[in-house]
Amino acid sequence: RPGAGRAYEQAIRPGIADATPSGRCRLDAIARWLQDIAYADLVDAGFEGRGAWIVRRIRIRAEAFPRFGEKLELRTFCSGIGRFSAERRTSIRGEAAAVETVARWVCLDPAAGRPMGFTRDFLAVYEESAQGRDANVRLRHPDPPSDAARRPWRFRATEMDPAGHINNSHYWTPLEEDLATGDEPDSIDAEIEYRDPAVAGDAALIRDGTSIWIASTEGAVHASLLRVR
């Protein structure tokens, strides 16, 4: 929780489409909640339409997964801020659920498509809770090994969003496919970095141990997904 400054809260109840057959809420569903509460916070603060936000990194640490139908409280705040980037921490709590997340976002000029600096009124609302912490968005995940195993993947047209590319939540699907083949996990700690936006069509999954890269058929990496545990 921030020591000072703005925090925004929202109550949700996961639906049927958010959960696995066991009732565990999937990582792609959690990622959707994160972007939805981030948008709701901006709207509530009066900054709707003031820049286009592109996510660069998300880490989800679930000590206890949310369950279907569980009453949840989401709490989010700005935990770091730069010239055109910001970090957002979001907690998810319920009767059993215990999830902590952190995401780094870049603000773009919608017309020019370039990073856009923050205005004074935006900083007046959000920088207090950041308490001087930066929000560096340099990539830190390694490139995939040249000899790593590859297999086909495909993004669907229904996974596109209003930004004109595959929505960030769908990049968690390969990990969820892995989880579906074994016992349901009690907890997880995983991080995803987004590089080159993808559109609907053929892609490739590259694997090395528990690490996954999603790449174009030409080899450009769209995203990397690393398991911390």
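E176 counts as buried because its relative accessibility is 7%, where buried means under 20% relative accessible area, exposed over 50% and partly exposed in between (1.4 Å probe, protein chains only). The model is predicted, so local features need pLDDT of at least 70 and side-chain atom pairs count only at pLDDT 80 or more, while totals for chains, interfaces and linings use all residues. Residues are numbered from 1 along each chain as its sequence is written, and side-chain values use heavy atoms, with hydrogens and water left out.

E176 sits in helix α3, residues 173–180; helices (H or I, at least four residues) and strands (E, at least two) are DSSP runs, numbered from the N terminus. Setting aside neighbours within four places in sequence, E176 is in contact with T20, R24, R26, L27 and D28, contact being heavy atoms within 4.5 Å. The side chains of E176 and R24 are joined by a polar contact of 2.9 Å. A polar contact is a pair of N or O atoms within 3.5 Å; within protein, one must be able to donate a hydrogen and the other to accept it, and residues adjacent in sequence count only if both atoms are side-chain atoms.

E176 also belongs to the lining of the second largest pocket, where R26, D28, T173, E176 and E177 lie nearest the centre among 14 lining residues. A pocket, on a 1 Å grid over the protein atoms alone, is an open set of points with protein on both sides within 12 Å along at least five of seven lines, and lining residues have an atom within 4 Å of a point. Helix α3 gives the most to this lining, with five residues.

The largest pocket holds about 920 Å³ of space, a volume being the space filled by probe spheres set on the points, which are joined across faces, edges and corners. Of its 36 lining residues, Q35, A52, W53, I54 and W105 are the closest to its centre. Strand β2 gives the most to the lining of the largest pocket, with five residues.

The last topic is the nonpolar interior. A nonpolar core is a set of buried Ala, Val, Leu, Ile, Met, Phe, Trp, Tyr and Cys residues joined through side-chain atoms within 4.5 Å. The largest has 40 residues, of which I58, Y171 and W172 touch the most other members. Helix α1 (residues 27–45) gives the most to this core, with eight residues. A second, separate core of 10 residues includes C107, F118, Y126 and A130.

Definitions and conventions
On a 1 Å grid over the protein atoms alone, a cavity is a set of points where a 1.4 Å probe fits but cannot get out, and a pocket is an open set with protein on both sides within 12 Å along at least five of seven lines; lining residues have an atom within 4 Å of a point.
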